[in-house]
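Biologist: Before we go through this model together, could you set it out so that the sequence and the fold can be followed side by side?

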Amino acid sequence: MRTIHFTALFVIMFLAATAAGCSSSDDNPASDGDADTLIDGDSDGEQAEIDLPDADAEPDAEDEAVEYPWSDDTLVAMAFNVMCSFCSNTDGGNENWEQRVQHFGDIIARFEPDLIGLQELTYGTEAQEILDVTSGYQALFGKDLPANEVGWTDYPDATILYREERFTVVESGVYWNSETPDEAWAGGWQSGSAFWRIVAWARLKQISDGREFYFATTHFDNNPPNQDHSAVLALERFAPWAEEHPVIFVGDYNSKPDSTAYATLTQGVDDQGFHFIDTFEIAETWSSTHNQSPAPDYDPSRRIDHIFLGGSAEWGCPWWTVDQTVYGDDDFYPSDHFPIVSEITW
């Protein structure tokens, strides 16, 4: 009986803490309207409107996905914090999980990314639910772990989806954003931290030409100083890999461009050593993809989701976009984060 009471209390505390710690994009509220546009912004801030299909309309066969001229030297990567399933709140501006999963499928179908880093899934079954509304992807996350206090052996808080027709997995794993990164269910650096945060990584081989690279996704904790320590740990872990292969690292870093953690990731520890490049910073153009009128606001200086590049490659980024598409009669966003997508050349 004591075990049952402890487990129930633990779950309640964990879910409540996670809900309280969900990052918010409430500075980008949904707007009423029916215009379907993509607003392109170049380095000078100029914008142009391009027609896009309505997210709620039945697509024509040729409109089922955005077509891009991909090649062996081009990858499309997405980072998306999908918001925890139990965080859904219709009164607060979100549909329920079952509805939101369908929207995730639409987003992925429109961009057809080769690589996706998801964050804030809670149960392993939720990764499968997303696979069920997509086509051609496989998932990697923390599976078959030693059971924690609740009895969980799977933990998909950071989950990789990769296009199985394009890549094979050479090796994969997870580590924990903590002082003991190889210890399962290790918490963060802050005393009493309520969150388990992981990095899910994989070394992938491109089937067409045999080139290998690392792809990883993470969800940094939103409690300081966990972000700062997680950034240092990431550089320590990825630096040896980057000497041999290209590295793509995406996620919800809970770190704006003016933060210490972001500076560490993009400049190195004490401005020295291995560091990443932000695709937003090298993108030839950046844009907001949306179906709203007037166009929704987006302030890049507030972004906390990033797509980073590093390692042995000559990188380019033709475009970077944030997806601000709304769904349903009430124009709800599918998450409290916007998906971000980059086309990457390597």
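**Disulfide, sheets and backbone**

Modeller: A disulfide joins cysteine 84 to cysteine 87, with an S to S distance of 1.7 Å; please keep in mind throughout that this is a predicted model.

Biologist: How many disulfides does the structure hold, and are cysteine 84 and cysteine 87 buried or exposed?

Modeller: The structure holds one disulfide, and the cysteines it joins are cysteine 84 and cysteine 87. Cysteine 84 has a relative accessible area of 0%, while cysteine 87 has a relative accessibility of 15%. Because buried means under 20% relative accessible area, cysteine 84 is buried, and cysteine 87 also counts as buried.

Biologist: Which strands pair with β14, and in which sense, parallel or antiparallel?

Modeller: Strand β14 covers residues 316-323, and strand β12, residues 283-290, pairs with β14 over six bridges. Strand β15, residues 340-345, is joined to β14 by five bridges. The sense of pairing is parallel for β12 and antiparallel for β15.

Biologist: Which residues are the bridge partners of serine 287 and tryptophan 320?

Modeller: Serine 287 has its bridge partner in β14, where that residue is threonine 321. For tryptophan 320 the partner is found in β15.

Biologist: How many residues of β14 are buried?

Modeller: Strand β14 has eight residues and is mostly covered. Cysteine 317, with a relative accessible area of 2%, is buried because the cut-off is under 20%. For strand β14 the count of buried residues is seven of eight.

Biologist: In the open sheet of six strands, which are the edge strands?

Modeller: The open sheet has mixed pairing and the strand order β7-β8-β9-β10-β13-β11. The edge strands are those that each pair on one side only, and they are β7 and β11.

Biologist: Which residue in β13 stands opposite isoleucine 277?

Modeller: Strand β11 is joined to β13 by two bridges, and these strands run antiparallel. Opposite isoleucine 277, the residue in β13 is leucine 309.

Biologist: Which helix lies across β7, β8, β9, β10 and β13, and at about what angle to β7 does it run?

Modeller: The helix is α4, residues 226-242, and it lies across β7, β8, β9, β10 and β13. Its angle to β7 is about 150°.

Biologist: Where are the cis peptide bonds that join proline 224 to proline 225 and serine 293 to proline 294, and what is omega for each?

Modeller: Proline 225 has its place in the loop between β9 and α4, whereas proline 294 lies in the loop between β12 and β13. Omega is about 5° for the cis bond between proline 224 and proline 225, and for the cis bond between serine 293 and proline 294 omega is about 0°.

Biologist: What is phi for tryptophan 185 and aspartate 270, and is each residue buried or exposed?

Modeller: Tryptophan 185 is in the loop between β7 and β8, and because its relative accessibility is 12%, tryptophan 185 counts as buried. Aspartate 270 is found in the loop between α5 and β11, and because its relative accessibility is 66%, aspartate 270 counts as exposed. Neither residue is a glycine, yet phi is positive, near 65° for tryptophan 185 and about 55° for aspartate 270.

Notes
Residues are numbered from 1 along each chain as its sequence is written. This is a predicted model: local features need pLDDT of at least 70, side-chain atom pairs count only at pLDDT 80 or more; totals for chains, interfaces and linings use all residues. Side-chain values use heavy atoms; hydrogens and water are left out. Buried means under 20% relative accessible area, exposed over 50%, partly exposed in between (1.4 Å probe, protein chains only). Helices (H or I, at least four residues) and strands (E, at least two) are DSSP runs, numbered from the N terminus. Two strands pair if DSSP finds at least two bridges between them. A disulfide is a pair of cysteine sulfur atoms within 2.5 Å. Contact means heavy atoms within 4.5 Å. Axes are lines fitted to C-alpha atoms, for helices over the stretch in contact, and angles run from 0 to 180 degrees between N-to-C directions.
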